[in-house]
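The points are grouped by topic.

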Amino acid sequence: MTYVIHGATGAQGAPVVATLAAAGKPVTALTRNPDTVVDGASVVAAGYSSTEALAEAYRGAHGVFIHLPVTSEEDRQSYARNIVAAVRESRPARVVFSTSGAPTDPDTGGAAAILLSGLADSGVPHAVIAPTLYLENLLMPYVLDTVRERGVLPYPIRADFPVSWASHLDIADVAAALFDRHDVTGVVSVGQYPAITGPDLAQAFGAHFGKDVVFEPITPEQMRASVAPVIGEGPAAGVAGLYQAMSTLPDRSIAPEDSAQKLLDITPRTTGQWLADIGL
């Protein structure tokens, strides 16, 4: 039996592959290109658009790690339905779904909510990883280059807006644990607690780089313009919309009662620890 990993060559899936492979687990990497080489894993070509291909990949799996790609919301909802249909047909032993910070409230709707609801109705054992914002977002050129060149960390949140930041490395640690911990079901929140603010982030970057760094709030529109050349206009507009909606909230803090710290005894990295671990 193997562990099937979506997006195995991407920012979120690759650390999951590496973590499982390092533990000696058999891993199957799902990619769009069958000629892709993934260290520590066998490769299966299966796209989100084919229920049949997904079901074949999931069949007999000990675990499946799922997250939805950054693309149009219409495509994401279609992919979510295909994944649910494939899970129902193939019935893997366990599914771990990372929301990637997307809302899962059924009243709000959206692809993550569709996928979560479908998994709940499937009868297949599963758990849901719920991060808030990824530290890897701070590696985007418009952020990191500005830190290095001007000593300024720009991001589209208020300076007084606390966030429970998490890294893709933290997601991998939690996913690997959840594959073994069938007693833990439902939502597991992943992120720093207590939550930290933008100036806290800037201070951690300053300590790491040995220079003064200050936080600079920017607008979601400024972020959209900065990331569109990297991820495309459609996805950039969607991301900007999420930050615009976030601006109406008091914070993006996890709840300690359903945190990885409490449920799995896994404490996510601090910003400084993450910067050191990625060798920046």
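H6 is mostly covered, with ten of its 13 residues buried. The model is a predicted one. Elsewhere, a search of the whole structure finds eleven salt bridges.

- Helix H6 runs over residues 168–180 and spans 19 Å from its first C-alpha to its last, close to the 18 Å expected at 1.5 Å a residue.
- The N-terminal end of H6 is capped by serine 167, which places a side-chain oxygen 3.1 Å from the backbone nitrogen of leucine 169.
- The buried residues of H6 are His168, Asp170, Ile171, Ala172, Val174, Ala175, Ala176, Ala177, Leu178 and Phe179.
- An α-helix has 3.6 residues a turn, so residues three or four places apart point the same way.

- Apart from neighbours within four places in sequence, leucine 20 is in contact with Tyr3, Ile5, Lys25, Val27, Ala176 and Phe179.

**Salt bridges**

- Salt bridges link Asp170, Asp173, Arg269 and Asp277 in a network; of these residues, Asp170 is a buried residue of H6.
- Glutamate 56 and arginine 59 form a salt bridge with their closest N and O atoms 2.9 Å apart.
- Glutamate 56 counts as exposed because its relative accessibility is 54%, over the 50% cut-off, whereas arginine 59, at 39%, is partly exposed.
- Arginine 181 pairs with aspartate 183 in a salt bridge, the closest N and O atoms lying 2.8 Å apart.
- In this pair, arginine 181 is partly exposed at 30% relative accessibility, and aspartate 183 is exposed at 58%.
- A further salt bridge joins the side chains of arginine 224 and glutamate 233, at 2.9 Å from N to O.
- Glutamate 233 has a relative accessible area of 52% and is therefore exposed.

Conventions. Residues are numbered from 1 along each chain as its sequence is written. This is a predicted model: local features need pLDDT of at least 70, side-chain atom pairs count only at pLDDT 80 or more; totals for chains, interfaces and linings use all residues. Side-chain values use heavy atoms; hydrogens and water are left out. A salt bridge is a side-chain nitrogen of Lys or Arg within 4 Å of a carboxyl oxygen of Asp or Glu. Buried means under 20% relative accessible area, exposed over 50%, partly exposed in between (1.4 Å probe, protein chains only). Helices (H or I, at least four residues) and strands (E, at least two) are DSSP runs, numbered from the N terminus. The expected span of a helix is 1.5 Å times one less than its number of residues. A polar contact is a pair of N or O atoms within 3.5 Å; within protein, one must be able to donate a hydrogen and the other to accept it, and residues adjacent in sequence count only if both atoms are side-chain atoms. Contact means heavy atoms within 4.5 Å.
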